[in-house]
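Grab a pencil and work through these exercises with the model open beside you.

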Amino acid sequence: MSVDVGKKAIIDFLDSASLKSDTIFIDDYYKLRDFDYLVSGQLIKGNANVFYKKQKSYVDRIWYRLEKYGEHGDRFFYLTDKRPFFAVMELSGIIDDNDVFGRGHFQAYLKEGEKLASIRQE
């Protein structure tokens, strides 16, 4: 199912997404502002299931944690084999007493970018 956000109300989309038989593909994801926060909240509350396409089954268990990368706090969601499958930035502008201007965070941002890129590999 492909959702054109401009033609279909978000409430209809979310109602459809709640059906167990539905698989959702969002082709205009960037138009759904803050949708990633909604997904994150539902995963944390246990109200959403993760479907693993390769195994054609739902994942039994996931885990998540808030991780700091420089001035960012990202919540990463992991499969049971510790592979990240989803992430959302929850905090920005974290002040580090040792580096008030953020000049020393380059390596942290590289690590964050690599981890985010690994999500898209499967």
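**Exercise 1.** The charged end of which residue sits over the ring of Phe76?

*Solution.* Before we start, note that this is a predicted model, where local features need pLDDT of at least 70, side-chain atom pairs count only at pLDDT 80 or more, and totals for chains, interfaces and linings use all residues. Residues are numbered from 1 along each chain as its sequence is written, and side-chain values use heavy atoms, with hydrogens and water left out.

Step one: know the test. A charge sits over a ring if NZ of Lys or CZ of Arg is within 6 Å of the ring centre and within 35 degrees of the ring normal.
Step two: look at Phe76. The charged end of Lys115 is found there, 4.8 Å from the ring centre.

**Exercise 2.** Find out which residues of helix α3 are buried, and what they pack against.

*Solution.* Step one: locate the helix. Helices (H or I, at least four residues) and strands (E, at least two) are DSSP runs, numbered from the N terminus. Helix α3 covers residues 106–119, 14 residues in all, and spans 21 Å from first C-alpha to last. That's close to the expected 20 Å, which is 1.5 Å times one less than the number of residues.
Step two: sort by accessibility. Buried means under 20% relative accessible area, exposed over 50%, and partly exposed in between (1.4 Å probe, protein chains only). In α3, the buried residues are Glu112, Lys115 and Ile119.
Step three: look down the axis. The buried residues of α3 fall within an arc of 65°, so they line one face of the helix; the arc is taken from the directions from the helix axis to the C-beta atoms. On the other side, Phe106, Gln107 and Glu114 are exposed.
Step four: find the neighbours. The buried residues of α3 pack against β5 (63–69), β6 and β7, where contact means heavy atoms within 4.5 Å.

**Exercise 3.** Describe how β6 and β7 pair, and what happens at Lys82 between them.

*Solution.* Step one: check the pairing. Two strands pair if DSSP finds at least two bridges between them. Strands β6 (residues 72–78) and β7 (residues 84–92) have seven bridges and run antiparallel.
Most residues other than glycine have a negative phi, and most peptide bonds are trans.
Step three: ask about accessibility. Lys82 counts as exposed because its relative accessibility is 61%.

**Exercise 4.** How many aromatic pairs does the structure hold? Describe two of them.

*Solution.* Step one: set the rules. Rings of Phe, Tyr and Trp (its six-membered ring) pair if their centres lie within 6.5 Å; planes under 30 degrees apart count as stacked, over 60 as edge-to-face and the rest as tilted.
Step two: count. There are seven aromatic pairs.
Step three: describe. Tyr69 and Phe76 are edge-to-face, 6.1 Å centre to centre with 70° between the planes, and both residues are buried. Phe77 and Phe86 make a tilted pair, 5.7 Å centre to centre and 50° between the planes. Phe77 counts as buried because its relative accessibility is 0%, and Phe86 is buried at 17%.
Step four: widen the view. Trp63, Tyr69, Phe76 and Tyr78 form one aromatic cluster.
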